[in-house]
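Here is my note on the model. Please read the points with the structure open.

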Amino acid sequence: MSFNLTDSISSIRGVGPKTEQILNKAGIRTVRDLLYYLPRTYENYTETTKLSEIQPGKVVIRGKISDLKTSHTHRRNLTITEGVIRDNTDAIRVVWFNQPYRARQFDEKKEYYFIGNYDFNRGRYQLTSPKAELAQDVDRKNGQSSTFRPVYPARGSFKPEGFHKIMETMRPGFAFIPDLLPEYGLAKPGARADALFKAHFAENDDEVKSAREYLAYEELFELILASKLNKQENQKLHAKVIPFVPEDIKKLVEHLRFKLTNAQRLSTFEILKDLEKPVPMNRLLQGDVGSGKTVVAAISAYSTIRAKHQVALLAPTAILASQHAESLKELLEPFGIRVALLIGSTKCKPAIKEQIASGAVDLIVGTHALLTDDTEFSSLALAIIDEQHRFGVDQRQKLLEKTVKTTGFAPHLLMMTATPIPRSLQLAVFGDLDVSILNELPAGRQPITTKIISELNFVDTLYPTVRSYLEKKQQIYWICKKIEEGGPSEAVSVKKQAKKLENVFKNARIAFIHGRMKNDEKDSIMEQFAAGKIDILVSTTVVEVGVNVPNANLMVIMDADNYGLAQLHQLRGRVGRGQEAAECYLVTNNNEPSRRLKILEKSNDGFYLAEADLKLRGPGEIYGSLQHGALNLQFASLSDSQLIAMASKYASEFANTCAKNPRALDDYPELTTCIKRYQQLTTLN
Ligand code: ADP
Ligand code: MG
């Protein structure tokens with residue numbers, strides 16, 4: 001029996017119309033989908049634990065059960081079924097929650113296998129909600145097949161055992177699964193069929209491990225190859241050549257109020273060199289909050305405009321776009337550069353759009369509004385995207401298509417982000433991007449002092465500090481998790497916190513801001529805060545991105561445990577943007593502060609924190625927003641830098657082969673389909 005991977009699952013014996021419907025709903029449509037639907041875990045009935053030797057953790061026990069009784073708690077509305085499990089060495093307690101049938105399930109004279117977690121719960125060690133099976137049934141099954149059994153995740157009403165049955169039906173066909181990848185690295189002939197077979201029919205943990213490793217490699221190879229091929233595609237497009245004229249650049253740099261850092265010089269140089277090429281730049285400028293990305297963008301824009309082309313700068317929020325427009329006007333207007341702002345609330349939009357279309361403005365700063373279909377540029381050569389993770393791939397694509405359509409040229413792209421991307425992730429996901437790094441803060445910056453404080457002694461420790469900042473006439477951010485009281489979380493709300501502070505600091509000017517306010521209202525409050533007309537701004541994380549208020553030097557983050565490391569660091573970056581020392585208080589009501597908060601207390605280095613975060617949480621969550629959750633790796637872990645390095649090496653080799661011989665991919669039709677999925681994710685073209 002062999003099967004075709006692209007066939008519908010209905011081609012498999014045992015998958016009737018009803019099963020097909022349920023599985024389709026769960027996204028399992030083809031034979032391939034089924035093959036890649038892997039067990040969640042494996043149960044090993046051969047390795048039972050003697051009760052006299054039991055340790056906390058996952059255990060398999062063979063024994064008899066007695067003393068079963070069921071009780072009910074009214075407070076938490078739980079049914080609790082308890083009992084005692086014995087083997088010939090010792091006895092332990094067992095408990096099930098909300099499974100009252102357990103009290104009637106067992107025959108006290110017979111032996112059962114129990115699989116579950118032995119842990120400390122409600123004041124004692126016990127086996128909690130184990131699965132149970134009659135020992136003679138298991139032994140009989142084991143006689144026929146393996147004692148190491150896969151447990152599939154259920155899908156809708158389709159039970160784990162259902163998957164088990166289907167896989168058993170398919171078993172003879174596994175040997176005929178064709179290879180997917182070209183022969184590099186772990187992709188030996190037959191390796192894929194072998195890995196999938198082992199993943200479903202493993203005999204022991206080692207087989208599971210090697211199967212998973214191959215599948216992770218396959219996944220990374222596809223992802224990285226997709227991004228390398230994107231890069232090659234990008235190289236085929238034409239972009240405007242922007243000559244690098246050092247004398248011109250020097251004039252602008254001398255005009256700055258400060259000296260550029262070395263990192264800024266180097267990044268600027270890398271960008272200006274790229275702009276000189278006839279292919280579109282595709283570069284990511286990474287720099288921690290406050291590292292001075294804006295001026296690098298400004299110099300790049302200046303050079304492009306000197307070459308008689310237009311530049312668009314896209315920011316994620318109206319507030320940020322306005323701020324950029326202000327500071328770029330101040331810097332560039334003395335050089336005869338015409339800057340325009342185009343955001344949702346801009347008056348006389350048609351007039352400005354006309355100026356953009358006629359080339360009467362050189363630098364257009366805006367939000368998504370800039371991307372609406374009726375904005376036409378006369379000669380857009382460079383697009384700068386600030387905080388790129390807030391921009392969807394679709395939006396970038398739109399900009400590119402629009403420009404190619406009207407000018408025949410693709411714009412150079414400069415993306416800026418304050419979210420440092422660890423190197424392993426860079427290789428895997430952003431292989432098509434070149435990267436410049438601002439790894440140095442401007443001189444004279446004082447580090448932000450960060451302290452964890454308990455909500456209990458909050459008043460004694462924090463209020464005097466707040467008072468001293470108010471006396472110094474410095475401003476304060478006060479971050480809260482939610483907008484209003486209520487809801488499942490006990491976190492304090494913006495509205496309640498603002499009221500509280502108003503009662504304590506009677507002379508202070510206090511305002512609040514949150515994401516559910518209208519844009520105009522938000523902008524107006526932000527402007528007042530920036531102008532120093534508000535002393536304490538109580539806010540949700542809406543202030544997270546980019547706003548620059550150098551006189552704000554104290555930040556209090558309530559319920560700090562509720563945020564991720566990267567997000568806390570980003571929030572904290574709102575203070576300490578001037579020459580004054582700044583402080584950040586992380587308020588928690590946990591007795592023992594989390595690892596995250598302790599790491600944050602110790603370090604101000606965004607790159608270090610990003611690595612730490614990657615280790616603590618895995619990349620899905622940090623970069624979820626960055627790729628809109630589309631980067632959904634099934635097997636690979638982005639913290640597995642060795643496997644990534646290997647996949648990267650071989651994917652590059654194969655990409656080079658494809659560059660030399662465009663037909664090279666034709667031999668791998670399945671791979672071609674797989675990488676299309678990733679190309680949509682990482683591509684700009
Ligand atoms: P970010 O990288 O977070 O976008 P900005 O570009 O907003 O940082 O810069 C933060 C502040 O630092 C701004 O007020 C900017 O004028 C200032 N700045 C930038 N570069 C330097 C420098 N080399 N020396 C001193 N101040 C600088
Ligand atoms: Mg910025």
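1. Terms first. A residue counts as buried under 20% relative accessible area, as exposed over 50%, and as partly exposed in between (1.4 Å probe, protein chains only). Lys473 is therefore exposed, at 66% relative accessibility. Lys473 sits in the loop between helix 15 (458-471) and strand 16 (475-479). Please look at its backbone: phi of Lys473 is near 65°, a positive value in a residue other than glycine.

2. Basis of the note. This is a predicted model, where local features need pLDDT of at least 70 and side-chain atom pairs count only at pLDDT 80 or more, while totals for chains, interfaces and linings use all residues. Residues are numbered from 1 along each chain as its sequence is written, chains are lettered from A and ligands numbered from 1 in the order in which they are written, and side-chain values use heavy atoms, with hydrogens and water left out.

3. Overall make-up. The protein has 23 helices and 20 strands. These are DSSP runs, numbered from the N terminus: helices are H or I with at least four residues, strands are E with at least two. The C-alpha atoms fill a box of roughly 90 × 70 × 40 Å along the principal axes. Of the 685 residues in the protein, 53% are buried.

4. The ligand shell. Which residues come nearest to ligand 1? They are Lys259, Gly290, Lys293, Thr294 and Arg445, out of 17 residues around ligand 1. Near here means that a heavy atom of the residue lies within 4 Å of the molecule. By class, the shell holds four nonpolar, seven polar and six charged residues. In this scheme Ala, Val, Leu, Ile, Met, Phe, Trp, Tyr, Cys and Pro are nonpolar, Asp, Glu, Lys and Arg are charged, and the others, Gly among them, are polar.

5. Polar contacts to the ligand. A polar contact is a pair of N or O atoms within 3.5 Å; within protein, one must be able to donate a hydrogen and the other to accept it, and residues adjacent in sequence count only if both atoms are side-chain atoms. The side chain of Thr294 places an N or O atom 2.6 Å from an oxygen atom of ligand 1. For Arg577, a side-chain N or O atom is 3.4 Å from an oxygen atom of ligand 1. Gln264 has a polar side-chain atom 2.9 Å from a nitrogen atom of ligand 1. Taken alone, ligand 1 exposes 560 Å², and the protein buries 82% of that. Accessible areas come from the Shrake-Rupley method with a 1.4 Å probe; for residues, only the protein chains shown count as cover.

6. The pocket. Ligand 1 takes up the space of the largest pocket. A pocket is found on a 1 Å grid over the protein atoms alone, as an open set of points where a 1.4 Å probe fits, with protein on both sides within 12 Å along at least five of seven lines. A molecule sits in one if more than half of its atoms lie within 2 Å of its grid points.

7. Ser291. This residue lies in the loop between strand 8 (282-287) and helix 10 (293-306). Is Ser291 buried or exposed? Ser291 is buried, because its relative accessibility is 0%. Its side chain reaches the backbone oxygen of Asp288 at 2.7 Å.

8. Ser129 is in strand 6 (residues 124-134). Its phi is near 40°, again a positive value in a residue other than glycine. Ser129 has 31% relative accessible area, so it is partly exposed. Arg149 belongs to strand 7 (residues 148-151) and is buried at 13%. The side chains of Arg149 and Glu133 are joined by a polar contact of 3.4 Å.

9. Around helix 18. Asp561 is in the loop between strand 19 (552-557) and helix 18; Asp561 is buried, with a relative accessible area of 18%. Gln567 lies in helix 18 and is partly exposed at 25%. Gly573 is in the loop between helix 18 (565-572) and strand 20 (582-588). Gly573 is buried, because its relative accessibility is 6%.

How values were computed: On a 1 Å grid over the protein atoms alone, a cavity is a set of points where a 1.4 Å probe fits but cannot get out, and a pocket is an open set with protein on both sides within 12 Å along at least five of seven lines; lining residues have an atom within 4 Å of a point.
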